[in-house]
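Let's take a friendly walk through this structure together.

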Amino acid sequence: MKKRISLLLAAVMTLSLAACAPAASKPSDPPAPSQAQPSGAPAQSVAPSENYGLGLGGTAGSPYVITAGCTAPNTTDPTNGFVRANEVLSERLMELSGGTMDFELVMGGVYGSTVQHFAQLKAGTLDGFISGFDVATNLTGTEDFYAVAMPFVFDNDEHMEIFLKSDLWAQMTESMRTNNGVVYAGLYGHQLPRILTSTREIVHPADVAGLKIRVPESDVQIRVWTQAGASPMQIAATEMYSALDTNVADAQENDIVGSGSLKIYEVCPYYTEIDYIRQCLMVYMSEITWNKMNEQERGWWSEALADACEACTDAYVGKYEDAKQEVIDNGGTIVEFDYDEWKEFFTDIVLNEFDGKYFRAGLYKEIQSLYQK
């Protein structure tokens, strides 16, 4: 049985959040992170060697449950990437640890907005947060993360994997840790390329002028689309369909599977697959939790997460063609466009308006150069 502790989450979430971005709709009493608190010296089902410390302190009868939040809409669909990775990560951790470690993903913005999730990681009242590259720009000392989320910085997922093993990435995540107490704990999964969905046909970059685009809680998205001439607005994923249906927004950027799961084609039937941002899901972890984990537990975590990442990525890729066909079957339109026109348009914006201003000069080109075609 999972052993839980009440961590007074509600009190933490109210501290210093008056100026934060509005939280997504959530229950008044969200579940607290699950932790097994040791009493004395608990008997481990898999006894660590003398070189390992106590670690998280879970036991076979009461595992430490690494609890992570997520702002993606809640779903029980077993083919969903978030859900599939959650299942695999939980199963593998329990298997590898002999039942002393487990994982639980709480979706739907139950723990609040992106900013509120990060506040809880800093305080140590939440173990993890699953989200994309770009949301790290909500933290301190993470300016270079803007470059990672820039349009057309990556050619493909292989390019992104190379970057994640580079010194550039190590330097960026170390700055995030030292300034915020937030650790990069691994890749949760690759997502499909981003698309633009609108109430009208978007063919050329000039067509986005004045377009009210719903974007995630990311300064990057706001700045990029503003420079492109659009009117971006941050709207929680749980409220996106309603906003599009009532003309609060008339477009949104997302991936085609995520859009399909929300039936966005019912209110935004035009899909332009501009593939301008290559996004992945990261595990942001509280440094407090990370420091509790001993070497053996970190090994279990890394091995289990690698399997979960593969499951998440496969789930998204496997649903791509079906999601695209669903759009067409429901009267939607896949818009034809000139890929090179969009790439040139956004690259000019990045180099003229962002490089050396929002992130270190030359970083965009450095990341691009890591991949040799």
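A pocket, as the word is used here, is an open set of grid points with protein on both sides within 12 Å along at least five of seven lines. Keep in mind that this is a predicted model. The largest pocket has a volume of about 670 Å³. It is lined by 40 residues, and those closest to its centre are Ala72, Pro73, Phe82, Gln191 and Ala237. Which elements give two or more residues to this lining? They are α2, β3 (128–132), β8 (251–254), α9 (256–261) and α11. By residue type, the lining of the largest pocket divides into 17 nonpolar, 15 polar and eight charged.

Two of those elements, α2 and α11, also deserve a look as a pair. Two packed helices are described by the angle between their axes and the distance between the axes. Here, the axes of helix α2 (residues 81–96) and helix α11 (residues 295–329) come within 8 Å, crossing at roughly 155°. Because angles over 145 degrees count as roughly antiparallel, α2 is roughly antiparallel to α11. The crossing of α2 past α11 is right-handed. On the α2 side, the contact residues include Gly81, Phe82, Arg84 and Leu96, while α11 contributes, among others, Trp300, Trp301, Asp307 and Tyr316. Altogether, the residues of this α2 and α11 contact comprise 15 nonpolar, one polar and four charged.

Now turn to another pair of helices. The axes of helix α7 (residues 219–227) and helix α12 (residues 339–354) come within 10 Å and cross at roughly 110°, which means that α7 is roughly perpendicular to α12.

Conventions
Residues numbered from 1 in each chain as written. Predicted model: local features only at pLDDT ≥ 70, side-chain atom pairs only at ≥ 80, totals over all residues. Heavy atoms only, no water. Axes fitted to C-alpha atoms, helices over the stretch in contact; angles between N-to-C directions. Helix = DSSP H or I, 4+ residues; strand = E, 2+ residues; numbered from the N terminus. Parallel < 35°, antiparallel > 145°, perpendicular 65-115°, else oblique. Left-handed = near helix turned anticlockwise from the far one by under 90°. Contact = heavy atoms within 4.5 Å. Nonpolar A, V, L, I, M, F, W, Y, C, P; charged D, E, K, R; others polar. 1 Å grid on protein atoms, 1.4 Å probe; cavity = no way out; pocket = protein on both sides within 12 Å on 5 of 7 lines; lining within 4 Å. Points joined across faces, edges and corners; volume = space filled by probe spheres on them.
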